[in-house]
Amino acid sequence: SPPAIIAPSILSADFAALGRACADTISQGADWLHVDIMDGHFVPNMTFGAPVVTKIRPHVDRPSGAYGKGTFDCHMMIAEPKRWVKDFQAAGCDLYCFHYEAAIDSTAADSPSATSTAKTSPKELIAYIHGLGMQAGIAIKPKTPVDVLWDILENPVAEERPDMVLIMTVEPGFGGQSFMASELPKVAALRQKYPDLNIEVDGGLSEKTIDQAADAGANVIVAGSAVFGAKDPGEVIQKLREAVDG
Ligand code: DX5
Ligand code: ZN
């Protein structure tokens, strides 16, 4: 697997002091910030949108390389993912990770706010994200089989291929849920075919569950409550990293 990338989810940070929380977690050793965007439609919870990302971005240095320290890894738990790409690029998002289920959902076109961007193919959306200078990620929920990703990953056109795959290890929507080990065969199947792919796991990761995820081949580790709920977040970040890097 590629080296560990530890991405604390700021969903569990103090929203009243979010800029400071972002800067602190980076200085405690985090590589990326995982930014959970929820619209109350794709998932039954809401967080915040591009205006908040714009305000917190200056609190953390922009990454120097594609996957550098300080990468804003925006996990878009939203319907109509194509609609918000430009706003998030302008806000300082570095990696725009959309849900496969939202990209292919034709029912999104029935919403009153529907635009021609409501339905899009994953490969078109990935190329569009790349065209705006961001990395592209594709996420799947627990009920979605990993098989939907093979065509997308095997695409010979480089700009249509994702830079990262996110395997959800909880139902998206809330922090602090229990880790679903049932999702790890998806990670192992991906890792077997793609030794160099960034494979992210999100939901219920902690010192207790990290070994299983690392053994399956995950290298990008999201952790919300385990990091922000810790007395010593730096120590948790270090332990997660050691479990992946060995
Ligand atoms: C859940 C979010 C996660 C969440 C993880 O929908 O996508 O990023 O913050 O929180 P923990 O690590 O507490 O499960
Ligand atoms: Zn997330």
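This is a predicted model: local features need pLDDT of at least 70, side-chain atom pairs count only at pLDDT 80 or more; totals for chains, interfaces and linings use all residues.

Biologist: How many Å separate the C-alpha atoms of Gly68 and Ala226?

Modeller: The C-alpha atoms of Gly68 and Ala226 are separated by 23 Å, and along the chain the two residues are 158 residues apart. For another pair, take Val220 and Pro2, which are 218 residues apart in sequence and 8.9 Å apart in space, C-alpha to C-alpha. Val220 belongs to strand 8, and with a relative accessible area of 0% Val220 is buried.

Biologist: Let us turn to ligand 1; which residues around it come nearest?

Modeller: There are 20 residues around ligand 1, of which Asp36, Gly173, Asp202, Gly224 and Ser225 come nearest. By residue type, the shell around ligand 1 divides into 8 nonpolar, 10 polar and 2 charged.

Biologist: Where do polar atoms of the protein lie beside the oxygen atoms of ligand 1?

Modeller: In Asp36 it is a polar side-chain atom that lies 2.7 Å from an oxygen atom of ligand 1, whereas in Gly176 a backbone N or O atom lies 2.8 Å from an oxygen atom of the ligand. Gly224 likewise places a backbone N or O atom 2.7 Å from an oxygen atom of ligand 1. On its own, ligand 1 has 380 Å² of accessible area, and the protein covers 100% of that. The elements giving two or more residues to the shell around ligand 1 are strand 2 (32-38), strand 3 (71-77) and strand 8 (220-223). Strand 2 gives the most to this shell, with 3 residues.

Biologist: Which protein donors does the zinc ion (ligand 2) have, and how should I read the geometry of the site?

Modeller: For a metal, one looks at the donor atoms and then at the angles among them. The protein donors of the zinc ion (ligand 2) are His34 (NE2), Asp36 (OD), His75 (ND1) and Asp202 (OD), at 2.1 to 2.3 Å from the ion. The site has 6 donor atoms with angles of 71 to 171 degrees among them, and is octahedral.

Biologist: How are the donor residues of the zinc ion (ligand 2) spaced in sequence?

Modeller: The spacing of these donor residues reads H-x1-D-x38-H-x126-D in sequence. Distant parts of the chain are linked by the pair Asp36 in strand 2 and His75 in strand 3, which are 39 residues apart.

Biologist: Are Asp36 and His75 buried or exposed?

Modeller: Asp36 is buried, with a relative accessible area of 5%, and His75 also counts as buried, at 0% relative accessibility.

Biologist: Finally, how should I read the phi of Glu80?

Modeller: The general idea is that most residues other than glycine have a negative phi. In this model, phi of Glu80 is near 50 degrees, a positive value in a residue other than glycine. Glu80 has its place in the loop between strand 3 and helix 3 (85-91), and Glu80 is buried, because its relative accessible area of 5% is under 20%.

Note on methods: Residues are numbered from 1 along each chain as its sequence is written. Chains are lettered from A and ligands numbered from 1 in the order in which they are written. Side-chain values use heavy atoms; hydrogens and water are left out. A residue is near a molecule or strand if one of its heavy atoms lies within 4 Å of it. A polar contact is a pair of N or O atoms within 3.5 Å; within protein, one must be able to donate a hydrogen and the other to accept it, and residues adjacent in sequence count only if both atoms are side-chain atoms. Accessible areas come from the Shrake-Rupley method with a 1.4 Å probe; for residues, only the protein chains shown count as cover. Helices (H or I, at least four residues) and strands (E, at least two) are DSSP runs, numbered from the N terminus. Ala, Val, Leu, Ile, Met, Phe, Trp, Tyr, Cys and Pro count as nonpolar, Asp, Glu, Lys and Arg as charged, and the others, Gly among them, as polar. Donors are N, O and S atoms within 2.8 Å of the metal (3.2 Å for Na, K and Ca); water is not among the atoms, so sites may look incomplete. Four donors count as tetrahedral if all angles lie between 85 and 135 degrees; four count as square planar and six as octahedral if opposite donors are over 155 degrees apart and all others between 65 and 115; anything else is irregular. Buried means under 20% relative accessible area, exposed over 50%, partly exposed in between (1.4 Å probe, protein chains only).
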